[in-house]
Amino acid sequence: MVHLLRRLGSHWKRSVLEALLFQISPATSTATATAASPSYHLLSLLKQCSNLKHLHQTHCFMLSRGLDQDNILLSRFIEACSSLGFSHYCLSIFTRHKNPPDIYLFNTIIKALSNPEFSILSIRIYNRILACGLRFDSYSLPFALKAAVRLLAIYVGRQIHSQAIGTGIVCDVHVVTALIQMYASFGCISEARQLFDGACFRDVAFWNAMVAGYAKLGDIDNARHLFERMPERNVISWTAVISGYAQIDRPNEAISMFRRMQLEEVEPDEIAMLAALSACAQLGALELGEWIHNYIDRHGLSKIVPLNNALIDMYAKSGKIEKALQVFKNMKHKSIITWTSMIDGLASHGLGREAFEMFSCMERNGIKPNEITFMAILSACNHVGWVEMGRWYFKNMGTKYGIHPKIEHYGCMIDLLGRAGFLQEAQELVEGMPFEANVPIWGSLLAAARIHGDAELGERALQHLIKVEPHNSGNYTLLSNIYAAQSKWNEAGIVRRVMRDTSVKKMPGGSCIEVNSKVHEFVADDKSHPQSERIYEVLWKINLQSKMAMHVQMEHVEMLESNKKSGYILTSIRA
């Protein structure tokens with residue numbers, strides 16, 4: 001304690017601290033003895049702690065009054081340290097505690113250390129509970145199960161499950177909920193469902209665990225089925241289903257669920273908004289995305305960093321890069337995802353120079369790029385055709401930034417080289433990379449062959465693509481077009497016959513449009529839309545008007561050509 005006091009020096013004065021404590025507590029003539037007690041002052045001071053210096057000061061206050069010997073008060077202090085992210089300090093305090101810890105203190109430190117860095121220590125401390133002659137309670141197991149998930153150790157989770165059965169607390173709703181979450185996290189959804197079906201008590205958190213388990217594994221249909229059976233729902237229930245739809249690229253259903261949640265007067269929170277914005281970004285649903293942004297501002301929702309990142313992504317993918325930049329500039333705290341989203345957004349809008357300037361600004365702010373950032377910067381090179389810049393970044397990923405290129409980075413580089421016409425270099429990169437070329441890479445080479453009319457490369461790429469996706473009509477069509485562009489009609493016909501003989505059908509084209517915050521999706525020759533007759537009537541009129549306009553234009557061109565030949569072009573232009 002003396003050493004800690006010396007370290008704080010003049011920054012810590014007991015008189016100042018006491019004055020602060022009495023200012024926090026109710027200063028009235030009827031103040032009770034409890035309000036003036038050291039433990040009350042300690043709890044009040046813990047609410048004011050916001051950094052490590054405050055924690056050191058509060059710890060000194062505890063030590064000087066012997067409050068650290070009280071397991072309850074020490075637990076509250078450890079909770080405060082954990083909430084501020086100082087897990088090392090939590091562990092140091094617990095290991096130096098001389099009095100035997102009770103189950104409450106054990107639970108607090110297990111929870112505080114259940115993050116990825118200290119999960120193994122959390123499990124070891126959990127194992128000490130029985131050695132100290134104590135019994136697990138309904139809080140011990142959920143915290144330990146969380147640590148097991150962070151460790152990716154399902155065998156530890158199964159052992160904890162066995163202990164829950166042995167001690168008889170497996171019937172507790174909190175324990176069973178935690179077990180369902182654990183098994184679902186490891187993909188053991190059948191075991192999670194067995195626990196769910198076997199329980200005779202089900203609160204909303206219990207249902208949410210099972211619904212979220214299905215949704216996170218992509219089994220959204222089962223998640224939706226359970227959701228509809230729920231006797232009671234909260235915002236977490238809705239968010240789990242909305243996120244599940246967005247996760248498996250079914251944004252229309254995600255947005256429909258979000259609208260239904262509003263109709264049932266369930267107030268969305270930040271996480272629900274995050275899921276809805278993800279769906280808006282996938283669809284380019286700008287009107288709904290802007291409505292969500294305005295809702296966040298009107299209701300004073302906390303603009304957490306991931307929520308701002310989602311707004312940037314939504315605006316960028318909806319064509320409003322200026323709005324994305326505005327959100328970016330207004331953010332006080334930016335993560336690597338924030339910078340990467342902005343770089344990627346600028347790149348996708350063809351603003352290559354601005355994307356590189358953003359990358360440089362990120363480095364000046366001390367933010368180190370990650371693998372996704374380099375995907376974005378290589379994409380920027382691709383959008384503006386800067387081959388040399390792409391080569392430099394690809395080469396320096398490992399040497400300067402310590403990031404070894406993955407197959408996705410090779411794919412970006414091969415696509416860049418192929419589009420720019422460096423077909424030989426692109427093929428050499430494919431042959432020399434430490435990965436087996438995948439569908440996107442061969443697809444890039446096939447597209448490059450189409451652009452530059454390289455039938456030989458197109459044939460080679462298609463041979464590989466047929467092995468992994470034999471029914472993708474787009475690949476055959478690209479090669480057929482290569483042959484047609486070179487007037488190789490026999491070869492083009494052979495490709496078409498192969499498509500017919502192998503029952504490869506050309507996928508119909510599709511598009512979507514947002515009208516009154518609702519996204520309508522259309523596929524060629526599809527008449528399932530309730531207003532399809534009216535739509536086709538309008539299309540017919542547009543088509544007729546286009547033909548008439550084209551006819552008038554052609555007549556005008558012919559007249560100009562005729563007048564030019566006869567020497568009356570000037571008169572025609574004046575007319």
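## Aromatic pairs and their surroundings

Phe 77 and Tyr 89 are both buried (under 20% relative accessible area with a 1.4 Å probe, protein chains only; over 50% is exposed, and partly exposed lies in between). This is a predicted model, where local features need pLDDT of at least 70 and side-chain atom pairs count only at pLDDT 80 or more, while totals for chains, interfaces and linings use all residues. Residues are numbered from 1 along each chain as its sequence is written, and side-chain values use heavy atoms, leaving out hydrogens and water.

**Ring pairs**
- Rings of Phe, Tyr and Trp (its six-membered ring) pair if their centres lie within 6.5 Å; planes under 30 degrees apart are stacked, over 60 edge-to-face, and the rest tilted.
- The count by this rule is 18 aromatic pairs.
- One of them joins Phe 77 and Tyr 89 edge-to-face, at 6.1 Å centre to centre with 75° between the planes.
- Tyr 126 and Phe 136 are stacked, 4.7 Å centre to centre and 15° between the planes.
- Tyr 126 is buried at 1% relative accessible area, and Phe 136 is buried at 6%.
- A cluster linked by ring pairs holds Phe 356, Phe 359, Phe 374, Trp 386, Trp 392, Tyr 393 and Tyr 401.

**Charges over rings**
- A charge sits over a ring if NZ of Lys or CZ of Arg is within 6 Å of the ring centre and within 35 degrees of the ring normal.
- Arg 202 lies over the face of Trp 207, 5.5 Å from the ring centre.
- Arg 391 has its charged end over the ring of Phe 422, 4.8 Å from the centre.
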